[in-house]
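Good morning, and thank you for joining the group meeting. I would ask you to keep the sequence and the structure in view while I speak.

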Amino acid sequence: MTADAVLTPTPGASAPAPTRGRRFSLPVLLLAIAGALVALAAVRTLTGANDLTSNGAVRAALQSAIPIGLAGLGGLWAERAGVVNIGLEGQLIFGTWFGAWAGYHWGPWVGVLAAIAGGALGGLLHALATVTFGVDHIVSGVAITILAGGVARYLSQLAFKGLPGGGVTQSPPVPELPRWSVPGVSSLDGLERKHWFLLSDLAGILRGALTEVSALTVIAALLVPLTFWVLWRTPFGLRLRSCGENPKAAESLGVNVYRYKYYGVVISGALAGLGGAFLSMVASTIYREGQTGGRGYIGLAAMIFGNWRPGGLASGALLFGYTDALQLRGGSKSVHALLLFLALLLLAVGVWQLVRRRLAVGAIAVVVALLVGVWYATTDSIPGEFVQAAPHITTLVVLALASQRLRMPAADGQRYRRGG
Amino acid sequence: MSEVAAPRRSWAERLDWRQLLPRLLAPVAALLIAALISSIALVISDKDPLAAFSSMLDYGTQPDSLVDILNKSTDYYIAAVAVAIGFRMNLFNIGVDGQYRLATLVAAAVGAAPFLDWAPGFLRIVLIVVIAMLVGAFWAGVAAVLKVTRGVSEVISTIMLNFIGGQIVAFLLTTNHLGVQAKGSNDVTTPVLPKDAWLSGIPLIPGSASDVKGFVVVAVLVGVGYWFLLGHTRLGFDLRASGQNATSAVASGVNARRMVLYAMLLSGGVAGLVGLSELLGERHAYSSSVGGLGFTAIGIALLGRNSPVGIALASLLWAFLARASQILDIEEIPKEIITIMQGTTVLAVVVAYELATRLSRRAQQRRVGAAVSEPGPDKSADRSEVPA
Amino acid sequence: GGKSSGGNSDGGKKTVKVGLAYDIGGRGDKSFNDAAAAGLERVKKDLNLDVKELEANKDETDNDKLSRLKLLCTSGYNPVIAVGFAYAGDKDTGPIASAAKACPNTKFAIIDDASVKAPNLANLTFAEEQGSFLVGAAAALKSKTGKVGFIGGCQVDLIKKFEAGYVAGAKAVKADIQVEPNYLSTVADKCSGFNDPAKGQTAAEGMFDQGADVVYQAAGGSGTGVFKAAKAKGKLAIGVDSDQYETSAPELKDVILTSMLKRVDNAVFQFVKDEGEGKFTAGETVFDLKADGVGYSTSGGKLDDIKSKLDEYKQQIIDGKITVPSKPANG
Amino acid sequence: MSTDVAPAAPPAGAGEPPAVQLRGITKRFPGVVANHDIDLSVRRGSIHAIVGENGAGKSTLMKTLYGMHRPDEGEILIDGERVVFGSPQQAINVGIGMVHQHFMLADNFTVLENIVLGAEKLHGIGGAAARRIREISKQYGLGVDPDVLMEDLGVGDRQRVEILKVLYRGARVLILDEPTAVLVPQEVDELFDNLRQLTREGLTIIFISHKLHEVLAVADAITVIRRGTTVASVDPREVTSRQLATLMVGSELPSPEVRESTVTDERVLSVTDLAVHTADGRPIVNGVSFTIHRGEVVGIAGVEGNGQAELIEAIMGMRPATGRVVLDGVDVSQWSTRARREAGLGYVPEDRHRQGLLLDAPLWENRMLGHQTESPNARGWLLDNRGARRDTARIVASYDVRTPGIDVPAGALSGGNQQKLIVGREMSHAPKVLLAAHPTRGVDVGAQAAIWEHIKRARREGMGVLLISADLDELIGLSDSLKVIFRGRFVEDADPATVTPEQLGLAMTCAEGPDE
Ligand SMILES: Nc1ncnc2c1ncn2[C@@H]1O[C@H](COP(=O)(O)OP(=O)(O)OP(=O)(O)O)[C@@H](O)[C@H]1O
Ligand SMILES: Nc1ncnc2c1ncn2[C@@H]1O[C@H](COP(=O)(O)OP(=O)(O)OP(=O)(O)O)[C@@H](O)[C@H]1O
Ligand SMILES: [Mg+2]
Ligand SMILES: [Mg+2]
């Protein structure tokens with residue numbers, strides 16, 4: 001995206017301040033999480049919107065976050081190798097379809113493998129176009145998404161029409177993957193229902209996260225640290241990332257840049273495929289046309305939100321999944337309660353900025369906090385349409401606030417020619 | 001050196017076949033590849049590809065189909081030009097969809113508003129067009145402002161804005177706000193435009209009872225405007241320069257931020273027109289079925305290489321495929337092969353163009369190398385002197 | 001495709017060919033479109049007629065719908081049935097109106113729309129609110145917690161009709177009952193909520209978690225998600241359009257309390273039959289309780305104990321003693 | 001071949017084969033022969049310098065040696081053994097390492113990551129590798145900390161990381177392509193200390209530089225390359241830098257000299273207190289003031305990276321800066337780049353591909369670039385394509401741009417011809433002041449002379465010129481007055497009539513002032 005290059009002209013001028021030294025240490029991170037938790041518990045107690053921290057909401061948030069997170073992880077692998085993969089949506093579609101198809105015929109685990117293979121195939125196509133043929137990454141991604149829709153429908157025509165419950169737009173029901181619970185956690189039930197401040201909240205969160213967990217959820221959750229480990233702690237990951245940071249340097253050191261870009265993009269597709277499998281085999285037990293609903297793009301947004309890092313990406317996906325789950329489960333009531341949470345958060349940020357003598361930013365934050373507070377106090381629900389847009393608005397606002405502190409791989413999205 | 005008269009070579013002479021031929025062959029090759037892949041799909045499902053293609057050709061060239069193809073391409077064309085304006089300077093406006101939905105809704109609502117009762121139909125049409133362009137530009141402008149002030153990638157922001165715009169449309173298109181509901185209907189729309197604000201069709205295709213929509217004229221104007229803007233105005237030059245080499249453009253005095261803003265506003269403005277053909281010529285009210293051309297438009301713009309004529313051809317091809325595919329259902333042939341064909345065409349075309357560009361660049365370099373006889377390395381060697 | 005090829009050629013035995021154009025979502029949604037398909041199936045079997053079904057595309061325009069209808073009528077299909085109000089469009093220039101004008105000798109029917117009028121067009125509409133009233137009553141009678149839920153696939157007027165009837169029915173049984181409505185999508189994302197079982201499940205679980213014990217879904221393809229949620233929570237769900245007890249996976253059957261029947265199948269069959277017998281009537285035919293156009297299913301036997309009460313309500317509605325609202329109280 | 005020079009490197013360790021020997025290397029690129037029949041012999045444990053003009057083919061030769069591409073003809077011998085490299089990896093395997101002309105480092109990686117990349121097999125990527133890096137660093141006195149982030153390092157440190165990268169892989173032969181171009185003198189001295197330390201340990205170093213005094217100071221042997229071929233191998237103890245320069249250029253220095261002064265006392269550009277800062281507040285250009293008169297060429301001498309590029313960009317309005325820029329009596333400090341260009345600033349950028357051309361656009365569109373608002377390219381808001389085409393044909397003819405036509409894309413032209421087009425374009429608008437950065441870089445001798453001639457003519461006609469060049473003879477020859485820039489400040493003035501390149505070179509490295 002060349003236009004970006006000129007907006008921050010030559011290094012130095014108006015370029016964003018270097019981001020060094022702002023990665024949070026573990027204690028700071030834990031403290032922040034704890035703070036958010038206490039605030040959330042307080043808001044729940046104050047508003048009586050008990051769903052905010054209920055086990056169901058947490059489970060639903062996970063459920064909603066995982067396909068987004070897997071798509072985001074896919075985006076991460078590709079972009080760390082320097083390839084923008086906007087075809088994630090298409091690869092998700094492949095995942096949903098192949099997962100359901102193979103799952104129906106040969107059982108859920110084969111379905112998962114087939115979904116991974118299907119997504120990887122989409123990734124391979126993207127790699128072929130962008131790496132070998134040097135096609136613009138966005139262009140190729142868009143084409144793959146168009147293609148995936150057609151292919152899925154065409155294949156449904158061949159494979160699902162005539163099966164019981166199947167048709168051109170959907171598969172027959174697919175057998176489920178196993179679900180596991182951590183023993184003992186479900187006994188927190190009683191505590192959660194007491195609605196005590198903080199304690200019940202914790203109980204709800206633990207129950208939601210540790211009981212009735214699908215195997216794929218576990219796998220997806222493990223993939224986050226695994227990705228971190230592979231990309232940041234192994235030679236393979238180092239080489240792969242070097243292709244996204246400075247492919248010329250990598251090449252000069254004997255790294256086969258094309259090959260690693262292929263690895264990155266194919267793995268990216270495979271992860272999106274797994275996300276698709278989650279959609280058609282865990283979140284529901286059926287493939288339906290249009291089921292992916294733009295989650296590939298949201299995944300990409302979560303990845304940017306997370307500053308191209310697995311942990312950040314996971315929090316982005318969870319934030320998105322959480323707002324989405326709340327609005328789906330409780331309609332506008334919980335989201336309305338979130339207004340109060342937002343107001344408190346903004347107020348805290350504002351006061352902090354004022355203390356640090358950044359008066360303008362602080363003042364704006366405080367004013368907005370007050371406005372949101374007034375909005376909360378004077379209404380008792382939010383129009384459904386805005387509730388549904390809440391995750392998207394959140395993403396946009398966060399990007400607008402933070403994008404200048406984000407750092408994408410230096411050679412991300414650029415065409416690379418060997419020896420050039 | 002003396003003044004040299006401009007080389008008044010004819011247009012034909014200026015054509016350089018070695019450079020052009022690969023570029024012309026590329027789309028043809030890509031289409032063949034796409035046809036091949038769809039044929040394979042057809043064979044897999046036990047259908048005769050030739051029979052399928054010939055019945056598509058038959059049906060797609062009937063007078064009624066021609067009208068439909070022209071009407072479809074009108075929308076495709078405008079949307080693709082909107083996308084192409086951004087592409088020309090490496091901006092990805094993926095938000096055309098949201099832009100024109102919002103634009104069409106607001107324009108339709110204002111156009112039918114009672115406070116305009118005094119206005120003659122013509123004035124309303126003009127007003128609708130202007131408002132649609134403004135709203136489209138505004139919605140694209142949000143992404144532009146986020147990009148130039150906050151550095152938010154327009155790819156992500158326009159995707160988000162599509163959805164948010166859609167929700168605003170959904171919110172406004174209820175009977176509490178801008179919507180009305182005809183008796184016995186389940187559809188909420190904006191109020192129907194007064195009859196004199198309907199744009200009449202043009203009986204262009206003999207043998208068909210239906211008319212080509214009048215808005216096709218606007219599409220042509222958009223195309224001419226786009227062509228003129230790019231090739232004949234300073235703004236167009238700046239736009240192209242920014243797209244080709246952003247740093248050179250800045251050094252030439254182009255204001256990069258302003259260009260992003262202009263390009264997005266222009267793109268959004270044109271996007272605002274996309275829904276009007278249907279609004280003015282067919283539906284006469286905004287209904288929730290408006291929308292969905294954003295991605296198609298990207299495909300078409302790519303296929304047409306962002307050139308005004310190329311996009312026109314690509315729109316016609318795309319419309320032909322969409323129209324002709326309808327006959328496949330009747331013949332029990334899965335019409336999804338058309339989507340596959342569209343997707344592979346885009347992919348094959350971009351790959352083919354990439355290869356063609358490389359080929360022709362290499363040919364050019366060789367030609368220049370030959371034309372300029374290099375002063376061989378030993379030419380100056382004999383002038384060397386030995387230090388004492 | 002495992003379908004037999006279009007039988008235009010096999011003898012002159014069948015001269016009547018019936019064409020049917022689906023709404024987006026198409027065949028296999030296990031509710032609305034499938035109900036139409038079931039009707040067509042009966043037409044094929046019982047009346048021994050040739051039939052042709054065409055699917056809609058995502059993101060198509062009014063003009064594409066018109067093309068589809070015209071393709072059917074010009075290919076010799078008569079009568080032609082348009083499934084879904086999307087085919088109505090503008091009442092004078094929309095797809096069905098234009099098609100009816102272009103093919104004056106073809107008899108058309110449109111489902112779910114009464115705004116378009118033409119001499120060769122029958123409008124088949126349903127009193128969904130009446131059927132929904134009955135299942136609302138059933139939900140209230142079965143509810144132990146005093147809280148029931150409604151999940152709509154998309155926040156549009158047609159679906160709000162279901163909600164209105166359901167709320168009225170539940171309140172008729174228990175005036176203080178709490179009815180939670182929720183919608184999975186809006187027209188913003190082209191009503192994706194009809195195709196997203198995951199969302200259906202999440203929404204339903206939310207309701208069950210908050211104390212509801214019966215949830216009525218009018219969410220098309222997302223409905224399976226609602227059933228799954230009910231299964232997981234050991235609660236009850238109500239199906240929609242067709243008898244979903246019959247079409248659901250075996251393990252989900254026991255959560256289906258009943259289904260609100262919208263007998264699109266009946267309407268389709270009846271329309272074709274009447275047309276064949278020369279009894280075509282242009283204009284609106286309302287399929288309500290009286291006409292057996294809507295109703296509730298009893299398969300599974302969960303309603304056996306309250307069936308008499310429901311039939312009482314049914315009679316009152318038919319008699320006009322109860323008027324069911326078709327818009328929810330709060331918009 | 002013209003090796004009528006003293007026989008190459010004396011056969012020191014007789015019998016022992018040279019560490020590196022290149023025989024008859026030829027390398028062609030489309031449209032250019034970069035290396036032609038090159039011979040080179042490098043003694044083990046020595047520092048061997050290669051000098052030559054821009055574009056002479058030095059980097060190409062080194063890339064061949066490092067396996068980045070295969071030579072079209074010729075052979076490579078390492079320690080007397082014939083080798084053929086298909087990739088850098090193979091070169092690395094026989095102990096060759098290269099530090100490139102442009103840093104090959106990933107900013108967002110740590111030093112450790114940059115070093116171990118591609119050589120993970122040696123010591124992994126964790127603690128063992130860090131230990132090994134510290135070890136090497138200590139052994140050669142490099143002072144590199146493996147755990148810091150690359151972007152936090154200055155150029156000197158980066159250079160050392162590059163060297164460590166090579167040593168880490170066990171290289172015995174080090175190729176350094178212009179390692180000093182961006183270093184300040186102290187850093188150069190430190191680097192040279194490092195290099196000597198390395199040769200003491202038995203390593204062999206091949207070293208490319210344009211700075212002849214450095215070469216003379218550090219090298220044990222020197223090879224001169226001109227227009228793609230070796231023209232001489234000399235002993236640094238026996239040549240002066242002037243002789244070396246003459247060898248490089250191939251003739252008595254083509255004379256850019258302008259002795260008759262055309263300087264008037266009308267100020268055409270005055271810059272006061274100009275400063276440019278990086279985002280984190282470091283000054284790159286620091287309180288620079290000067291004046292250019294009509295008909296005057298002001299030259300700026302400085303080692304690359306001391307702020308000259310930023311200075312020109314700030315005057316052009318392409319970079320935010322503080323201070324005043326007055327052009328012909330009008331304060332243009334707040335003006336946009338376009339307005340400044342329209343007011344009479346001409347610009348020959350340092351990097352023509354990045355800042356001067358649209359490589360995919362035809363020549364006539366490139367002729368418009370930068371002047372798209374002016375006649376003959378535009379009339380009001382509209383472009384005048386015909387006018388631009390006509391004028392392009394004129395430029396092609398009168399500036400001797402060698403091209404088959406004006407419709408070929410600019411990218412197809414050779415660098416020299418591209419440069420002539422740019423100079424022609426800028427001159428065509430009769431700028432009041434021309435900002436010229438390396439106007440003859442990568443341009444052959446003939447074109448160089450032509451470009452000088454154009455600048456001189458315009459100067460006679462009253463144009464002011466701000467000239468930046470790495471070519472000191474060009475700088476001295478063309479300028480009416482000279483300023484030396486060091487770390488963003490003007491540290492000295494020099495009189496081009498009396499100063500020698502050697503003195504200027506010393507001043508640029510801030511070691512010792514030239515006598516005036
Ligand atoms: N990959 C390539 N393709 C085509 N031409 C090339 C390529 N690399 C170098 N050249 C050309 O080969 C010639 C020699 O270039 P080279 O980089 O070796 O010069 P150099 O002596 O290192 O110059 P400098 O002092 O500027 O670094 C130049 O004309 C250059 O443009
Ligand atoms: N990195 C590169 N990749 C591809 N081609 C290159 C590269 N560098 C240079 N070239 C091509 O090599 C040829 C020579 O380029 P170069 O810049 O060396 O010109 P030059 O030899 O300095 O020209 P002149 O003969 O005018 O002095 C040109 O055709 C140029 O386009
Ligand atoms: Mg070099
Ligand atoms: Mg050169």
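Let me begin with a definition: a cavity is a set of grid points where a 1.4 Å probe fits but cannot get out, and its lining residues have an atom within 4 Å of a point. Please bear in mind that this is a predicted model.

With that term in hand, how many cavities of 30 Å³ or more does a search of the whole structure find? The search returns 14. I shall discuss the second largest cavity, whose volume is about 100 Å³. Chain B contributes D75(B), Y100(B), V274(B), G275(B), E278(B), S289(B), V290(B), G291(B) and L293(B) to its lining, and chain C contributes D59(C), E60(C) and T61(C).

I turn next to helix packing in chain B. Two packed helices are described by the angle between their axes and the distance between the axes. For helix α9 (residues 234-244) of chain B and helix α11 (residues 256-271) of chain B, the axes come within 11 Å and cross at roughly 110 degrees. Angles of 65 to 115 degrees count as roughly perpendicular, and α9(B) and α11(B) are therefore roughly perpendicular to each other. Which residues meet in this pair of helices? From α9(B) they are L235(B), D238(B), L239(B) and S242(B), and from α11(B) they are M259(B), Y262(B) and A263(B). Five of the residues in this contact between α9(B) and α11(B) are nonpolar, one is polar and one is charged.

Now to the disulfides. Over all chains, the count comes to two. One pair is formed by C73(C) and C103(C), with sulfur atoms 1.8 Å apart. This pair links distant parts of the chain, 30 residues apart: C73(C) belongs to helix α2 (residues 62-74) of chain C, while C103(C) sits in the loop between α3 (95-102) and β4 (108-111) of chain C.

Chain C and chain D, by contrast, do not touch, and their nearest C-alpha atoms are 38 Å apart.

Finally, a detail in chain D. Q197(D) is part of helix α7 (residues 185-200) of chain D. Leaving aside residues up to four places away in sequence, Q197(D) touches Q139(D) and Y140(D). Q139(D) lies 58 residues from Q197(D) along the chain, with their C-alpha atoms separated by 9.1 Å.

Terms used
Residues are numbered from 1 along each chain as its sequence is written. Chains are lettered from A and ligands numbered from 1 in the order in which they are written. This is a predicted model: local features need pLDDT of at least 70, side-chain atom pairs count only at pLDDT 80 or more; totals for chains, interfaces and linings use all residues. Side-chain values use heavy atoms; hydrogens and water are left out. Axes are lines fitted to C-alpha atoms, for helices over the stretch in contact, and angles run from 0 to 180 degrees between N-to-C directions. Helices (H or I, at least four residues) and strands (E, at least two) are DSSP runs, numbered from the N terminus. Angles under 35 degrees count as roughly parallel, over 145 as roughly antiparallel, 65 to 115 as roughly perpendicular and the rest as oblique. Contact means heavy atoms within 4.5 Å. Ala, Val, Leu, Ile, Met, Phe, Trp, Tyr, Cys and Pro count as nonpolar, Asp, Glu, Lys and Arg as charged, and the others, Gly among them, as polar. On a 1 Å grid over the protein atoms alone, a cavity is a set of points where a 1.4 Å probe fits but cannot get out, and a pocket is an open set with protein on both sides within 12 Å along at least five of seven lines; lining residues have an atom within 4 Å of a point. Grid points are joined across faces, edges and corners, and a volume is the space filled by probe spheres set on the points. A disulfide is a pair of cysteine sulfur atoms within 2.5 Å.
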